[in-house]
Amino acid sequence: MPDAYPPILDACCGGRMMYFDKHDPRILGQDIRAVPRHKIASNGSFFEVRPDVIGDFRKMTFPDESFSLVVFDPPHLKCGETSFMYYKYGTLYTDTWEADLRSGFAECFRVLKPCGTLIFKWCDSFQPLSRILELTPYKPILSHTAPSRSKARKTYFVVFVKEASNAQG
Ligand SMILES: C[S@@+](CC[C@H](N)C(=O)[O-])C[C@H]1O[C@@H](n2cnc3c(N)ncnc32)[C@H](O)[C@@H]1O
């Protein structure tokens with residue numbers, strides 16, 4: 001691992017579909033898997049998961065307080081490992097999803113610098129946002145609901161700010 005990191009960590013970057021620039025050098029993309037680039041038959045677009053670092057958001061290898069901004073967009077559904085949803089977004093696991101997300105939050109805050117920002121994305125088709133926010137003791141500052149055609153589910157972007165360190169008062 002290098003001594004210095006880019007300012008932004010994406011803890012589970014997937015296909016980086018939400019970025020304006022998928023190759024922005026300020027972002028270090030981590031994911032637990034890689035998916036080779038290939039064409040999606042249904043719409044002809046290309047998809048790949050090419051993380052800079054293969055790693056697990058439940059137990060990251062980065063030192064404490066390494067990043068100014070952490071992005072956390074974990075899987076939000078349970079789905080079969082041969083499904084299209086799994087291929088694009090991964091899955092939550094029945095027996096461990098709560099512990100996995102709790103560890104993910106704890107790790108994201110551990111690697112954030114004091115006063116750093118965490119952006120958490122969640123779609124509430126499986127569990128409501130309120131239930132997921134119980135998995136971290138940190139209190140969010142604000143959230144924004146992304147436009148959706150579905151009335152049954154909503155996608156949220158939630159912003160947290162880590163406290164100042166004790167040394168800084
Ligand atoms: C919702 S997708 C991320 C989509 C991404 N934000 C984008 O813009 O395309 C969730 C990603 O989390 C990854 N993932 C699942 N479990 C993980 C873990 N324990 N550690 C790291 N990545 C994980 C999946 O492989 C998947 O690529």
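**Exercise 1.** Into how many nonpolar, polar and charged residues does the lining of the second largest pocket divide?

*Solution.* Start with the model itself, which is predicted, so that local features need pLDDT of at least 70 and side-chain atom pairs count only at pLDDT 80 or more, while totals for chains, interfaces and linings use all residues. Residues are numbered from 1 along each chain as its sequence is written, and side-chain values use heavy atoms, with hydrogens and water left out.

Next, take the term pocket: on a 1 Å grid over the protein atoms alone, a pocket is an open set of points where a 1.4 Å probe fits, with protein on both sides within 12 Å along at least five of seven lines, and its lining residues have an atom within 4 Å of a point. The second largest pocket has a volume of about 300 Å³, and among the 18 residues that line this pocket, Gly15, Arg16, Lys22, His23 and Glu48 are the closest to its centre. Its lining divides into six nonpolar, four polar and eight charged residues, where Asp, Glu, Lys and Arg count as charged, Ala, Val, Leu, Ile, Met, Phe, Trp, Tyr, Cys and Pro as nonpolar, and the others, Gly among them, as polar. Strand E4, residues 46-49, gives the most to this lining, with four residues.

**Exercise 2.** Describe the largest pocket and its lining.

*Solution.* Begin with the volume, which is about 970 Å³ for the largest pocket. Of the 42 residues lining the largest pocket, Asp73, Pro74, Pro75, Tyr89 and Gly90 are the closest to its centre. Then turn to the elements, among which H1 gives the most to this lining, with four residues. Finally, by class, the lining of the largest pocket has 19 nonpolar, eleven polar and twelve charged residues.

**Exercise 3.** Locate the ligand and list its polar partners.

*Solution.* The space that the ligand takes is the largest pocket. The ligand is surrounded by 19 residues, of which Met17, Asp31, Arg33, Phe57 and Asp73 are the closest, and the shell comprises ten nonpolar, three polar and six charged residues. Considering oxygen atoms of the ligand, one is 2.7 Å from an N or O atom in the side chain of Asp31, one is 2.8 Å from a polar backbone atom of Met17, and one lies 3.1 Å from a backbone N or O atom of Arg16. Taken alone the ligand exposes 610 Å², and the protein buries 95% of that.

Definitions and conventions. A residue is near a molecule or strand if one of its heavy atoms lies within 4 Å of it. A polar contact is a pair of N or O atoms within 3.5 Å; within protein, one must be able to donate a hydrogen and the other to accept it, and residues adjacent in sequence count only if both atoms are side-chain atoms. Accessible areas come from the Shrake-Rupley method with a 1.4 Å probe; for residues, only the protein chains shown count as cover. A molecule sits in a cavity or pocket if more than half of its atoms lie within 2 Å of its grid points. Grid points are joined across faces, edges and corners, and a volume is the space filled by probe spheres set on the points. Helices (H or I, at least four residues) and strands (E, at least two) are DSSP runs, numbered from the N terminus.
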